[in-house]
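Okay, hi everyone, thanks for having me. Let me put the structure up, and then I'll walk you through a few contacts.

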Amino acid sequence: MHKASVWTAVFLASVLFSTLAWAGVALSPMVTEIVLPPGSTHEDVISITNTGKEPIIVEASVLGFMAPEGVPSLLEPELDRYPYSGRGLLTIEPQEQTVQPGETVLFRYRASMPEELDPYGGRYVAAVFRVKPSAAEAQVVISAQVASLFMLNPGGKVAPHLAFDHIQVYQAEDDPREVILEAQITNDGNLHCTKDQIWGVIHVADQDGYFVDEFPVRTRYTLPGTSHLYRETWRAPETLPSGTYQFRWTILVFGPAGTESQRYFITMPVELNF
């Protein structure tokens, strides 16, 4: 069964909004997740609307992408060594269209999941649209590039898996009551992990185990085989005395119905001096 859905695009807002506005186009969908078992295909359309006042030419192409530090990055073919790249799994037609002011055009795509995947797991690919003024209208040609991102999920034995490394808790040099928590979070599974799949909280307790404070773990989405630096700042209460305090991380990663949630429990005793 094929299942297509527009995934939460909040993480793209800062990346795409200014580009879309500058290019004078509206793109839909920006992000799509498709459950696509091996050997199956899925077809649909991407719409481009010219929101400007002059005709534009839109050229379509396909590139793989990854997301170092949680920010989508398109991969040129000669540099694409990402094992979960889906650069060869998406086709789009036509490759070029002229769009009049206020007009909406459709680009039809076809996503195909091969019978064999190595490594087995999700595939990540972008339909890339280069927008430039119509040659007849432009004296100086300036182009912009926007993209519709695809997460292709083959189903079966796929899941994200998080690893937490280089965990440290330390006080800011200029303000000792600003306590900084850092960790390198790596998805060493074979499927992307979204912030909506993760729940986490950090509890602060004194050396005797008495509760002091708590605050949520704010995560971002992570593609398989990538990592990002998690950084959080906690403001210690002005009345909190110097001493040893325990920082206890509790993180749950939820999966599909019938699967066990991944559970992570990390405790770090830290000496704080105020």
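Let's begin with one definition: a charge sits over a ring if NZ of Lys or CZ of Arg is within 6 Å of the ring centre and within 35 degrees of the ring normal. Here the charged end of Arg177 does that over the ring of Phe274, 4.0 Å from its centre.

Quick housekeeping: this is a predicted model, where local features need pLDDT of at least 70, side-chain atom pairs count only at pLDDT 80 or more, and totals for chains, interfaces and linings use all residues. Residues are numbered from 1 along each chain as its sequence is written, and side-chain values use heavy atoms, with hydrogens and water left out.

Now, a sheet. Strands are DSSP runs of E, at least two residues, numbered from the N terminus, and two of them pair if DSSP finds at least two bridges between them. Three strands make an open, antiparallel sheet in the order β12-β13-β16. Its edges are β12 (162-171) and β16 (227-235), each pairing on one side only. Between β12 and β13 (residues 178-187) there are 8 bridges, and Val169 has Leu181 of β13 as its bridge partner.

On to aromatics. Rings of Phe, Tyr and Trp (its six-membered ring) pair if their centres lie within 6.5 Å; planes under 30 degrees apart are stacked, over 60 edge-to-face, and the rest tilted. The structure holds 8 such pairs. In one of them, Phe164 and Tyr264 have ring centres 5.1 Å apart and planes at 65°, so they're edge-to-face. Phe164 is in β12 and Tyr264 in β18 (residues 262-272), so this pair ties together parts 100 residues apart in sequence.

Are those two buried or exposed? Both Phe164 and Tyr264 are buried, where buried means under 20% relative accessible area, exposed over 50%, and partly exposed in between (1.4 Å probe, protein chains only).

Last topic: salt bridges, meaning a side-chain nitrogen of Lys or Arg within 4 Å of a carboxyl oxygen of Asp or Glu. The count comes to 12. Take Arg218 and Glu232, with their closest N and O atoms 2.9 Å apart. Arg218 is in the loop between β15 (211-216) and β16, while Glu232 is in β16, 14 residues away. Arg218 is exposed at 52%, but Glu232 is buried at 12%.

Technical notes:
Helix = DSSP H or I, 4+ residues; strand = E, 2+ residues; numbered from the N terminus.
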